[in-house]
Amino acid sequence: MMELSKPARATCTLLRLFWWESDRSVRAEAVLRLAAVVSVLLFRGKAGVWLSTIRRQQTQELLRREASSRSVLRYLGALVLLSPVSKIYWRLLRGLRLQWERHLTQHFLVRFLDAQCLGQRFGRPEQEECGSRHPDQRIAADVGKFVQLATSLSLDSLQAGIDLYFYSALLRGISPALSKTALLAAAAGTLVVRFLGRNLPALYGAERFADGNFTYVLTRMRENAESIAFYGGQQHEVKLASDALDLRQNTEWVRLAEKDVVQHFSDQYRQILSLSPALLLVQSSAAGASVDAAVLAQASEAFDIVTRRLMILSENWSDFSRLNTVALELYAYHLEQSNLDSSEGGICLSPLQADYGHVGQTWLSLEDLSLWAGDRILVSSLSFAAPSKGGLLITGQSGSGKTTLLRAIAGLLRGQGGSGHVRRDMAPGHVLFLSQRPYMTLGTLREQLSYPFGFAAGVDDAALCGILKRLGLDHIVLQSKGSLDVVSRWDEILSLGEQQRLSVARILAQRPMYAVLDEITSANDPQHEANMYSCIALTCSAFLSVGHRASLEAFHSRRLRLLGTDGRWELEALS
């Protein structure tokens, strides 16, 4: 029961996100779409019984040689008029699926980056059901898969209920014994299929684990291709990928083998059951009741539909297994995102208030801030106010917590890895964070320079070209034939040093008041480093830097040294 409760809870939670917790207008539109789909289902069920009755009458007339061209045309006309119903149904269903998928995807995208930052930094383990599926895979593929399976299975179940209502009455009218036989046969078949396919949910989960692992191995090979080539590790990486591929294929093979067993039983079982209407009706005929070919054909059709609908679980056991697995993965990711807001304590990030004592004198204030990594204390009880003018340099040995401190200032630690209070200027566009490996967005060179705040007033194309030239990047414009609107993969075209200089160009183009810099000159020579910091000092009122080089001291007025022993630190002025 516990295993069944997890998929059920996961599925209900994901359903509630759309059907209960979405905006009222979204829910209203979804309900209207669902009502239209259900209406078509009801119409299809009733129309199917009506066509079955007309077909029976037409067959009886043909057997008695009493069929007229008018009755044949009426039957054909009914078929033509009802033929668009299925297309209308699928059109309505497609619209409902797209709306649901869009809403659920947007729900996960809202907190996608926050969840990624926390998960990557602290190595949050994936839950047991998740395997190695990563958030981008879940959002890109699993949301659509969940919506498709949920709508198909739920509406198929609803269609089964509607058909049972109409066709069971029709079957009882022809033969009560045949109706009871259908019920007992469906129950027995479902139990056998449930036994034969009892391992399918676990096998499908293992297959998805292997598929996610194979994708991850390929992604790492692509992202680290140059480093692998430098090490000469191609054979090792190819072997890892081959092993991951073998695992994926083996798990798929085992799952398909069990699925084939279930499908083979279902097919053979239905073929055996198809003899039941003829046997029972012939026996009743031998006892004195009359039966003709038309009645037998209609009884066979109704019996087949009733047994199929009663065996809806066994007929779709593989899809139900897939739904359970996908729902568990999305539910686990939903819990990860929810935990971002439910964390108690930790580091509190808030804007500087007007009644705060240092407003006008500082843009950043840390109060009793402590940071740790596992059992190791990085920073203990750090308190200081950064001056509103000039630069503050943070130094320390590797692993002393410099980048972790910047993450705390950016608000990326939340309830993990620290405690204390961070107050800073949080007005839009006032503080720009630059990392050691700058992020190159998708798009044009112009969009690289405008990311993320947009250009400051008065910055035109001539100014942008001048900024690039000032930072030694004018060759990029020349290679683009003087255009700023060339789309390229800039993270692959530009070296790391050029990317760092391009990130500083963003400061000149966007003119933030303050900047937080994480070793942004590490891939540049001293001449470029001096030029980069000169541009920053002339543009920003104040900035905070992390770095190792002694040459950086010339561009800062104060230094915070993280000593790396029991979280000790010291703050000093630089001459």
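A residue counts as buried when its relative accessible area is under 20%. By that cut-off, seven of the nine residues of helix H15 are buried, so H15 is largely enclosed by the rest of the structure. This is a predicted model. The protein has 575 residues, and buried residues make up 42% of them. Its secondary structure comes to 21 helices and twelve strands. Among contacts between residues at least 6 apart in sequence, 76% join residues at least 24 apart.

**Four-stranded sheet**

- Four strands form an open sheet in the order S1-S5-S2-S3, and the pairing is mixed.
- Strand S1 (347-351) and strand S3 (376-387) are the edge strands; each has a single partner strand, so one side of each is left without a neighbour in the sheet.
- From one strand to the next, the twist averages 10°.
- S1 pairs with strand S5 (residues 418-424) in the parallel sense, over five bridges.
- Two bridge partners in S5 can be named for this structure: Cys348 pairs with His421, and Pro351 pairs with Arg424.
- S2 and S5 run antiparallel and are joined by six bridges.
- Ser370 stands opposite Ser419 in S5.
- Five of the seven residues of S5 are buried, so S5 is largely enclosed by the rest of the structure.

**Six-stranded sheet**

- A further open sheet has six strands in the order S6-S9-S10-S4-S11-S12, with mixed pairing.
- Strand S6 (431-434) and strand S12 (569-573) stand at its edges; each has a single partner strand, so one side of each is left without a neighbour in the sheet.
- Neighbouring strands here are turned by 15° against each other on average, direction ignored.
- Strand S4 (residues 390-396) runs parallel to strand S10 (residues 542-546), and five bridges join the two.
- Gly390 has Ala542 in S10 as its bridge partner.
- Helix H21 (residues 526-539) lies across S9 and S10 and runs at about 150° to S10.

- Which residues of H15 are buried? They are Lys402, Thr404, Leu405, Leu406, Arg407, Ala408 and Ile409.
- Lys402 and Arg407, which count as charged, are among these buried residues.
- Gly411 follows H15 and has a positive phi, near 85°.

**Helix pair H7 and H10**

- The axes of helix H7 (residues 176-196) and helix H10 (residues 234-273) come within 10 Å and cross at roughly 165°.
- That angle is over 145 degrees, which makes H7 roughly antiparallel to H10.
- The crossing of the two helices is right-handed.
- H7 contributes Ala185, Ala188, Gly189, Val192, Val193 and Leu196 to the contact.
- H10 meets them with Glu258, Val261, Val262, Phe265, Ser266, Tyr269 and Leu273.
- By class, the contact of H7 with H10 has ten nonpolar, two polar and one charged residues.
- In an α-helix there are 3.6 residues a turn, so residues three or four places apart point the same way.

**Two buried serines**

- Ser179 lies in helix H7. Its relative accessible area is 18%, so Ser179 is buried.
- Leaving aside neighbours within four places in sequence, Ser179 is in contact with Leu171 and Arg172.
- Ser503 lies in helix H20 (residues 496-510). Is Ser503 buried or exposed? At 1% relative accessibility, Ser503 counts as buried.
- Not counting residues up to four places away in sequence, Ser503 touches Leu434 and Pro438.

Technical notes. Residues are numbered from 1 along each chain as its sequence is written. This is a predicted model: local features need pLDDT of at least 70, side-chain atom pairs count only at pLDDT 80 or more; totals for chains, interfaces and linings use all residues. Side-chain values use heavy atoms; hydrogens and water are left out. Two strands pair if DSSP finds at least two bridges between them. Axes are lines fitted to C-alpha atoms, for helices over the stretch in contact, and angles run from 0 to 180 degrees between N-to-C directions. Buried means under 20% relative accessible area, exposed over 50%, partly exposed in between (1.4 Å probe, protein chains only). Angles under 35 degrees count as roughly parallel, over 145 as roughly antiparallel, 65 to 115 as roughly perpendicular and the rest as oblique. A crossing is left-handed if the near helix is turned anticlockwise from the far one by less than a right angle, and right-handed if clockwise. Contact means heavy atoms within 4.5 Å.
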